[in-house]
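Hi,

Here is the structure I promised to pass on. Have a look at it first, and then read on for what turned up.

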Amino acid sequence: MALAGALKGVRAASAGAAERAGALGGGGRAAAHPALPVLQRLLRSLSSSAALLQRAAQAEGAFPVTLLPGDGVGPELMHSVKEVFKVAGVPVQFDEHHLSEVQNLASEEILEQVLESMQKSKVALIGKIHTPMEYKGELASYDMRLRRKLDLFANVVHVSSLPGYKTRHNNLDLVIIREQTEGEYSSLEHESAKGVIECLKIITRAKSQRIAKFAFDFATKKGRNKVTAVHKANIMKLGDGLFLRCCEEVAELYPKITFETMIIDNCCMQLVQNPYQFDVLVMPNLYGNIIDNLAAGLVGGAGVVPGESYSADFAVFEMGARHPFAQAVGRNIANPTAMLLSSANMLRHLNLEHHSAMISDAVKKVIKVGKVRTQDMGGYSTTSDFIKSVIDHLHPPYGV
C-alpha cells in the first residue's frame with residue numbers, strides 16, 4: 001500500500017512537472033523541466049520494484065516442487081501441466097532441472113542439483129528419464145541412481161478405468177505396488193568367464209518387509225480388502241522365497257486384510273482373463289515393471305495411467321507406465337492424461353484438495369464427453385486440443 005501511494009505521488013509530480021514545462025515553453029516546443037528526468041527515473045525504478053514485489057507476493061505461500069521434464073515427450077507434457085496449473089491458479093513454484101542421458105545433460109553436478117532441490121521441496125514431478133541400452137562403463141542409469149539416493153522404495157500405480165472410455169475390461173480398480181531399490185535392477189553384473197555374464201538379483205529381508213508393510217498399510221488406509229504377493233518362489237527358492245516369507249509374516253499383523261500369493265506367470269494370465277479378482281498387488285522390482293505396463297494396457301495404455309514413488313521423506317509423481325514416446329516428439333500428439341492425473345495426485349499429496357479435484361475432474365470430463373481424444377485413444381485431437389478442452393472444463397473458472 002505504501003509503495004502504491006508513493007507511485008501515485010511520483011506520477012502526479014511527474015505530470016505536474018510536465019504541465020509546468022509546457023507552460024514555460026509557450027505555444028512552441030515545450031522546454032523540459034530540470035526535475036522531470038529525475039522524476040521519470042524514480043518512477044521507472046519504483047515500477048520495477050513494484051513488479052518484483054508483486055511476483056514475490058505471488059510466490060509467497062506457494063509450494064516448492066522439483067520438476068524434471070525428462071526425455072521424449074516429457075517436456076511437452078510438462079508444458080501442458082504448467083498451462084493447466086496457470087489457469088487453475090495452483091499455488092506451486094516449480095524448480096526445473098534437466099537430467100537426460102540422451103541429450104548429454106547428465107552429470108554428477110546436475111544430479112546433485114536435483115538432490116539439493118529435492119531436499120528443499122520433498123516433492124517432484126518427473127517425466128521419463130530414458131536409459132540408453134549402450135554400456136558406457138556405468139551400469140546404473142541416472143534415473144536408477146536418483147531413485148536410490150532418494151530411497152524411493154515404493155512405486156505405486158493405480159490402474160483405474162476412465163468413465164466414457166471403453167476397453168476390453170471396464171470398471172477396473174486395482175493397485176500395483178513395486179519394490180524398486182533392489183531385485184534384478186541392482187546393477188550388479190559382471191563377466192565371470194569369456195561369453196558368460198552373471199547378473200545378480202538382490203533380495204533382502206529388510207526391504208522385503210518394508211515393501212510388504214507399505215502394501216498392507218496402503219490397503220488399510222485406502223479401505224481395500226485384499227493384498228496379493230506376486231513371486232516366482234517355485235524356481236527362485238531362496239530369493240523370491242525370502243520375499244514371500246516376509247509378505248506372509250507381515251500379513252499376520254493385518255488379520256482384516258485377505259492375503260493371497262500368486263506366481264508371476266499365472267498373474268499375467270489372470271490379469272488378462274479376470275483382472276477383477278485383484279485389489280492390491282505387491283511384488284519385487286522386475287515383476288512390478290512388467291505388471292505395471294500390462295495393467296496399463298488394460299485401461300488404455302501408458303498415456304492414461306498415473307504413478308508415484310515414495311520414500312520415508314520424499315514423494316515423486318510420474319507416469320505409471322514409463323515410456324518416452326520418442327516417435328511423437330514435436331508432433332503435438334502425446335496424450336497428457338497420465339501426467340495431468342499424476343500432477344493432480346501430487347496436489348492432493350500437498351493437501352491442495354480443491355485444485356487437485358478441479359484438475360482431475362476436468363480431465364475425466366473431457367474423456368467422458370469423448371469429443372476430444374488423442375490418437376492413442378482412437379481420436380484425432382492434438383495435445384493442444386486436449387489441454388484447451390481441459391482448461392474449458394475447469395470449474396470454477398479461474399482467470400490468470
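Let me begin with Ser141, which sits in the loop between strand E3 (123–126) and helix H5 (142–149). Keep in mind throughout that this is a predicted model. Ser141 has a relative accessible area of 4%, so it falls under the 20% cut-off and counts as buried. Its side chain reaches the backbone nitrogen of Met144 at 3.2 Å. Leaving out residues up to four places away in sequence, Ser141 touches Glu101 and Thr131.

The largest pocket holds about 1,000 Å³ of space. Its lining runs to 41 residues, and the closest to the centre are Thr131, Pro132, Leu139, Ser141 and Met144. Helices H5 and H9 (285–299) each supply at least two residues of that lining, with H5 giving the most, at 6 residues. Sorted by class, the lining has 15 charged, 14 polar and 12 nonpolar residues.

What about the second largest pocket, and which residues lie nearest its centre? They are His158, Lys222, Glu308, Asn345 and Arg348, out of 28 lining residues. The space in this second pocket comes to about 830 Å³. Several elements each bring at least two residues to its lining: strands E4 (154–160) and E11 (306–310), plus helices H6 (205–221), H10 (337–349) and H11 (353–369).

Is Pro306 buried or exposed? It counts as buried, because its relative accessibility is 11% and the limit is 20%. Setting aside neighbours within four places in sequence, Pro306 is in contact with Val157, His158, Glu318, Met319, Gly320, Ala338, Leu341, Ser342 and Asn345. From Pro306 to Ala296 is 10 residues in sequence, and their C-alpha atoms are 9.3 Å apart.

The largest cavity has about 60 Å³ of space, and its lining consists of Ile126, Gly127, Lys128, Ile129, Asp143, Arg147, Glu318, Met319, Arg322 and Met339. H5 turns up again here: this helix and strand E12 (315–319) each supply at least two of the lining residues. By class there are 5 charged, 4 nonpolar and 1 polar. Glu318 and Met319 in that lining are also among the contacts of Pro306.

The second largest cavity has about 40 Å³. Around it are Glu179, Glu182, Gly183, Ile203, Ser208, Phe243, Pro284 and Asn285, which divide into 3 nonpolar, 3 polar and 2 charged.

Finally, a word on confidence. The chain averages a pLDDT of 86, and 83% of the residues score at least 70. Over residues 1–11, though, the pLDDT is below 50, and the model gives this stretch 14 contacts beyond near neighbours in sequence. Residues 17–31 also stay under 50, with 10 contacts beyond four places in sequence. Where pLDDT is low, the predicted coordinates should not be read in detail.

Cheers

Notes:
Residues are numbered from 1 along each chain as its sequence is written. This is a predicted model: local features need pLDDT of at least 70, side-chain atom pairs count only at pLDDT 80 or more; totals for chains, interfaces and linings use all residues. Side-chain values use heavy atoms; hydrogens and water are left out. Helices (H or I, at least four residues) and strands (E, at least two) are DSSP runs, numbered from the N terminus. Buried means under 20% relative accessible area, exposed over 50%, partly exposed in between (1.4 Å probe, protein chains only). A polar contact is a pair of N or O atoms within 3.5 Å; within protein, one must be able to donate a hydrogen and the other to accept it, and residues adjacent in sequence count only if both atoms are side-chain atoms. Contact means heavy atoms within 4.5 Å. On a 1 Å grid over the protein atoms alone, a cavity is a set of points where a 1.4 Å probe fits but cannot get out, and a pocket is an open set with protein on both sides within 12 Å along at least five of seven lines; lining residues have an atom within 4 Å of a point. Grid points are joined across faces, edges and corners, and a volume is the space filled by probe spheres set on the points. Ala, Val, Leu, Ile, Met, Phe, Trp, Tyr, Cys and Pro count as nonpolar, Asp, Glu, Lys and Arg as charged, and the others, Gly among them, as polar. pLDDT is the predictor's confidence in each residue, from 0 to 100.
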